[in-house]
Amino acid sequence: MDDLVVQTDGLTKRYGERLAVDSVSMTVRRGEVYGFLGPNGAGKTTTLRMMLGLIRPTAGTASVLGRPAGRPDVIARVGALVEGPGFFPYLSGRDNLRTMARYRGLGDDAVDAALARVDLTDRAGDRFKAYSLGMKQRLGVASALMGEPELIVLDEPTNGLDPAGMADMRALVVSLARGGQTVLLSSHLLAEVQEICDRVGVINGGRLLREARVDELRGEATLRVRATPEDAAIAVAMRVAGEDAVRRTPHGLELGLPASAAPALVRDLVTAGVDVHEVSPTERSLEEVFFEMTTTAPTNAVPTEARVS
Amino acid sequence: MTAVIDNPMTRSTRAELLRLRKWPAVWVTVAVWVALALMFGYLFPYLSYRTGDLSFAGDGDTRAQLLVEMLPAALPTVLVQGLPMFGGALALVLGAIVAGNGYGWGTWKTVFTQGPSRPTTVGGSLVALTIAVVGILALTLVLFTGVSLVVAGVESQAVTWPAAGALLESFGGGFLVLEMWALLGYTLGTVARGPALAVGLGLVWALVVENLLRGVGALLGPVEAVTEVLPGTAGGSLVGALIDVSANPNETPGILDVLSGGQALVTVTAYCVGLVVLVLVLVRRRDVA
């Protein structure tokens with residue numbers, strides 16, 4: 001049980017007639033980066049708030065670090081940025097962190113370390129209200145990092161960040177996990193989540209649809225082949241990959257083979273007199289899986305081909 | 001060697017004091033209080049005294065009486081006479097913004113995820129607010145002492161200090177009145193989850209509604225019974241008892257002799273305790289977005 005940093009059981013929150021979170025049971029393991037995914041209004045932030053004791057569940061339980069969620073001794077071991085940074089606008093970034101550090105019983109050295117970690121030292125003396133959205137977000141992350149908490153909860157930490165800031169944030173989350181800290185990350189940026197998360201939970205309409213490792217969700221990699229004549233190509237492909245692993249699609253053939261099988265496949269195709277126009281490895285992105293699970297893909301979604309390298 | 005007490009309550013208090021000390025709105029409120037207190041406590045009476053116009057600040061006092069009321073011996077009276085009216089109103093504003101703004105800015109959400117329990121966190125905030133109230137009153141006393149010494153010097157009057165007991169009594173009573181209003185503002189800010197409605201409702205209540213109810217109460221017995229336990233009546237009566245308003249009629253708005261000193265003290269103290277309990281219960285149970 002020590003391996004589970006967060007465990008919820010039938011966690012439910014109802015606001016009048018509206019069921020915001022519906023019997024969510026999820027687990028976050030020690031040392032992992034857990035991505036919590038869902039469209040707007042899916043119930044992500046409400047679930048996180050219940051884990052932090054900010055709101056009371058209507059039903060169900062949440063335990064964090066082996067204790068009931070929201071207890072002071074638990075909260076002291078958790079760093080959190082939930083639904084945007086909430087700081088005093090008239091204080092500088094440094095004084096805001098000093099204020100929060102005092103609540104935690106930390107000194108100014110923890111403040112300086114956190115500011116340096118999010119690259120905000122140079123602007124630490126500026127008032128919070130003068131910060132850009134990205135700087136406010138980084139200050140929120142800095143606040144969550146103070147005191148090296150065992151669990152770090154980051155709700156949309158890349159909101160407002162420029163591409164460089166996003167890359168920094170990605171590197172930061174990875175470094176936190178490498179340092180042994182557990183990160184629970186809620187994000188809309190599925191490519192980011194795919195890259196840095198070990199496991200994900202997908203929530204929609206208040207219900208947890210799936211919780212799995214990222215690679216489990218994405219499924220096996222495939223090879224896409226365009227070759228003529230296609231019937232001859234199919235025969236070769238079936239021989240190499242097996243009958244069940246070959247699928248005809250509008251874009252050519254899709255074979256259930258890893259990228260490493262491509263050279264041998266091409267040799268066999270050419271030997272059989274088939275002209276090979278294209279062989280490319282493909283795998284479903286987390287974004288595709290996410291849209292399949294939550295809704296139909298929006299019209300402005302990035303086309304699959306554009307994501308295939 | 002100094003022993004530093006380090007527990008969640010002292011940490012919360014230190015954190016709250018840090019952010020209050022650096023908040024311009026707090027200093028604006030203090031500055032307004034100081035300006036009004038000096039204006040009504042010394043400037044207007046002195047102008048009346050110098051010009052011989054006794055129609056406004058003098059309330060019918062003779063010039064000699066006006067001068068006496070500006071000398072150091074009158075400090076216990078001058079210190080508290082502005083509290084029932086604008087002192088209480090400004091303390092209410094202070095309490096309302098200290099509690100209410102945190103909901104709009106989302107800072108309570110951040111603070112509640114730092115470790116100390118909610119009652120401890122809010123308890124620290126209330127202690128910090130109380131320290132601010134004591135500080136404001138102490139600053140006022142220092143300023144008034146200085147001004148009264150200047151008046152005595154300029155008017156070539158002998159400096160006679162008030163009895164320490166009277167000064168202490170005045171300071172303690174004044175603190176209770178200010179604290180009650182500050183806590184009322186804090187409670188309203190907590191209930192409303194914001195400062196605007198809390199300040200608006202609080203000021204309308206303190207400056208208008210209570211006065212209207214007291215007017216109606218003079219005609220209707222049951223209403224009068226209710227007005228006797230309202231905060232404005234209790235605070236005004238406590239100040240009235242401190243400056244012995246029944247023996248020395250004082251037309252300063254808000255200063256009353258409805259309750260005896262003892263009754264007023266108990267009522268004001270009950271408000272202070274009751275409001276703290278109410279805030280702690282509210283904050284402990286509520287969802288914070």
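In the predicted model, Ser23(A) is part of strand 2 (residues 18-24) of chain A. Phi of Ser23(A) is positive, near 50 degrees, although the residue is not glycine. Pro229(A) belongs to the loop between strand 12 and helix 9 of chain A.

Chain A contains an open sheet of 6 strands, arranged in the order 7-8-9-4-10-11 with mixed pairing. From one strand to the next, the twist averages 15 degrees. Strand 8 (residues 151-155) and strand 9 (residues 182-186) of chain A run parallel and are joined by 5 bridges. Within this pair, Asp155(A) has Ser186(A) in strand 9 of chain A as its bridge partner. Helix 11 (residues 286-294) of chain A packs on the sheet, where it touches strand 4 (33-37), strand 10 and strand 11 of chain A. The direction of helix 11 of chain A makes about 30 degrees with that of strand 10 of chain A.

Strand 10 (residues 199-204) and strand 11 (residues 207-213) of chain A pair in the antiparallel sense, over 6 bridges. Ile203(A) is bridged to Leu208(A) in strand 11 of chain A. The two strands, strand 10 and strand 11 of chain A, form a hairpin with 2 residues between them. In the turn of this hairpin, Gly205(A) has a positive phi of about 60 degrees.

Another open sheet in chain A consists of 4 strands in the order 13-14-12-15, with antiparallel pairing. Its edge strands, each pairing on one side only, are strand 13 (246-249) and strand 15 (275-282) of chain A. The twist of this sheet averages 25 degrees from one strand to the next. Strand 13 of chain A is joined by 4 bridges to strand 14 (residues 252-255) of chain A, and the two run antiparallel. Arg247(A) stands opposite Glu254(A) in strand 14 of chain A. Helix 9 (residues 230-241) of chain A packs on the sheet and touches strand 12 (222-228), strand 13 and strand 14 of chain A. The direction of helix 9 of chain A makes about 150 degrees with that of strand 13 of chain A.

In chain A, the axes of helix 5 (residues 133-145) and helix 6 (residues 163-178) come within 13 Å and cross at roughly 10 degrees. Helix 5 of chain A is therefore roughly parallel to helix 6 of chain A. The contact brings Arg138(A), Val141(A) and Leu145(A) of helix 5 of chain A against Met169(A), Leu172(A) and Leu176(A) of helix 6 of chain A. By class, the residues of this contact between helix 5 and helix 6 of chain A comprise 5 nonpolar, no polar and 1 charged.

In chain B, helix 8 (residues 164-192) and helix 11 (residues 231-242) pack at an angle of about 170 degrees, and their axes are 10 Å apart. Helix 8 and helix 11 of chain B are therefore roughly antiparallel to each other. Residues of helix 8 of chain B in this contact include Gly173(B), Val177(B), Trp181(B) and Leu184(B), and those of helix 11 of chain B include Pro231(B), Gly235(B), Leu238(B) and Leu242(B). The contact of helix 8 with helix 11 of chain B has 9 nonpolar, 5 polar and 1 charged residues.

Over all chains, a search of the whole structure finds 25 salt bridges. One of the salt bridges joins Glu150(A) to Arg30(A), with the closest N and O atoms 3.5 Å apart. This pair links distant parts of the chain, 120 residues apart. Glu150(A) is in the loop between helix 5 and strand 8 of chain A, and Arg30(A) is in the loop between strand 3 (27-29) and strand 4 of chain A.

The contact between the chains takes 30 residues from chain A and 30 residues from chain B. About 2,800 Å² is buried between chain B and chain A, with carbon and sulfur atoms giving 57% of this area. Between chain B and chain A, 2 salt bridges are counted. A salt bridge links Asp287(B) with Lys13(A), where the closest N and O atoms are 2.7 Å apart.

Technical notes. Residues are numbered from 1 along each chain as its sequence is written. Chains are lettered from A and ligands numbered from 1 in the order in which they are written. This is a predicted model: local features need pLDDT of at least 70, side-chain atom pairs count only at pLDDT 80 or more; totals for chains, interfaces and linings use all residues. Side-chain values use heavy atoms; hydrogens and water are left out. Axes are lines fitted to C-alpha atoms, for helices over the stretch in contact, and angles run from 0 to 180 degrees between N-to-C directions. Angles under 35 degrees count as roughly parallel, over 145 as roughly antiparallel, 65 to 115 as roughly perpendicular and the rest as oblique. Contact means heavy atoms within 4.5 Å. Ala, Val, Leu, Ile, Met, Phe, Trp, Tyr, Cys and Pro count as nonpolar, Asp, Glu, Lys and Arg as charged, and the others, Gly among them, as polar. Two strands pair if DSSP finds at least two bridges between them. Buried area is the accessible area (1.4 Å probe) that two parts lose on being put together, summed over both. A salt bridge is a side-chain nitrogen of Lys or Arg within 4 Å of a carboxyl oxygen of Asp or Glu.
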